[in-house]
Amino acid sequence: MHALRPAAPALSRRGVLTAVGALGLGGLLSACGSDGDKDGDGGSSANSSAGGGTWRFKDDRGTTVEADRTPKRLVAFVGAAAALHDLGIECTGVFGPTKLKNGRPDPRAGRIDVDKVTILGNTYPQFNVERYAGLRPDLLIAQMTDPPALWYVPEESAEKIESLAPSVGILTTKSSLTHVIDRFADLAKSLGADLTADPVTSAAKRFKSASADLRRAAGAARAKGRGGLKVMVVSGSADILYVAAPDAFTDLRYYESLGVEFVTPSKTGAGGFWQELSWENADMYEADLILVDDREGNLQPADLKKTKPTWARLPAVRADLTFPWAAEERYSHAGYAPRIEQLAAALGQSEPVTS
């Protein structure tokens, strides 16, 4: 895994999950269960909080994690921790991009106070196993792009890490954005979150309002001349322009359901996430508006315009119609509402520039 590479399949690892390794740690155990629920939707029959008995949660691997009490010492991939934080659940430790090189919080940390959590590793494959064990974790929580691999859990130490505590994996690709947000809400509720708290309900209302605004903006964009507006989503590296397949990303799938028209690559690499283009072929697709992966380490529009002549010649670039895209936003209403508002505004500011 290379944390700065946009190709999501390369960022995940495949490993054998160790369900039995968690026995004896705070009375917790992890048991694999397959009851035919392929979506791992974790309905009310599978998830519960330990107010009067056993805590359990069915994750998106089909694994049901059980405990004799609600887990309290939580360690999570930073994006998962940020989503839980928005719902009122705090994590003791995090791993993954938490601080930028300048020491400021990485956007993926959301509203977490990054100086008050134990950071087990900031870049892949950093994961301090000894420090993790010292936290006496009750539960490890991570996203998944390529199940059963847990995002940012290094393959070489995965077996050891997963032997120290049970784990929960939430699938965050090739699914509905609202479903993924609901899955984190399900998990948070099982861990004791109050989903009726004002910050939670206010964020949900803002998300709903933003979605309505985006639907209207997408409709207006379709009504514009020359067939409406085509949106291309990309990530840039020194040698390759990655063009995102909208169906592979939960946020892009959601925006498409609201009427946004995306460029769809003719072919993609492993996992179906991206088409890789040499910079000589950067003009393969016509787009009126371009969303650019804003993660640290990826080339941004100003740099691309200076260093990549084919990029500078793209109609959307010449028209200054490039906007940031958060490829790893936290999966909560609070996380995505502003992103949806930004996209609606971008569509409103754009006009067709392709022939």
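Q: What should I know about the model?
A: The model is predicted, with local features needing pLDDT of at least 70 and side-chain atom pairs counting only at pLDDT 80 or more, while totals for chains, interfaces and linings use all residues. Residues are numbered from 1 along each chain as its sequence is written, and side-chain values use heavy atoms, without hydrogens and water.

Q: How many helices and strands are in the protein?
A: The protein has 11 helices and 13 strands, taken as DSSP runs (helices: H or I, at least four residues; strands: E, at least two) and numbered from the N terminus.

Q: And how much is buried?
A: Of the 355 residues, 52% are buried, that is, under 20% relative accessible area with a 1.4 Å probe, counting protein chains only.

Q: Which residues have the most contacts inside the largest nonpolar core?
A: They are F95, Y255, I290, W311 and L347, in a core of 107 residues. Such a core is a set of buried Ala, Val, Leu, Ile, Met, Phe, Trp, Tyr and Cys residues joined through side-chain atoms within 4.5 Å.

Q: What does Y255 touch?
A: Leaving aside residues up to four places away in sequence, Y255 touches L214, V260, F262, Y336, R339, I340 and L343; contact means heavy atoms within 4.5 Å.

Q: How do α7 and α11 pack?
A: Helix α7 (residues 250-257) packs against helix α11 (residues 333-349) at an angle of about 50 degrees, their axes 12 Å apart. D251, Y254 and Y255 of α7 make the contact with Y336, R339, I340 and L343 of α11.

Key. Buried < 20%, exposed > 50% of the residue type's maximum accessible area, 1.4 Å probe, protein only. Axes fitted to C-alpha atoms, helices over the stretch in contact; angles between N-to-C directions.
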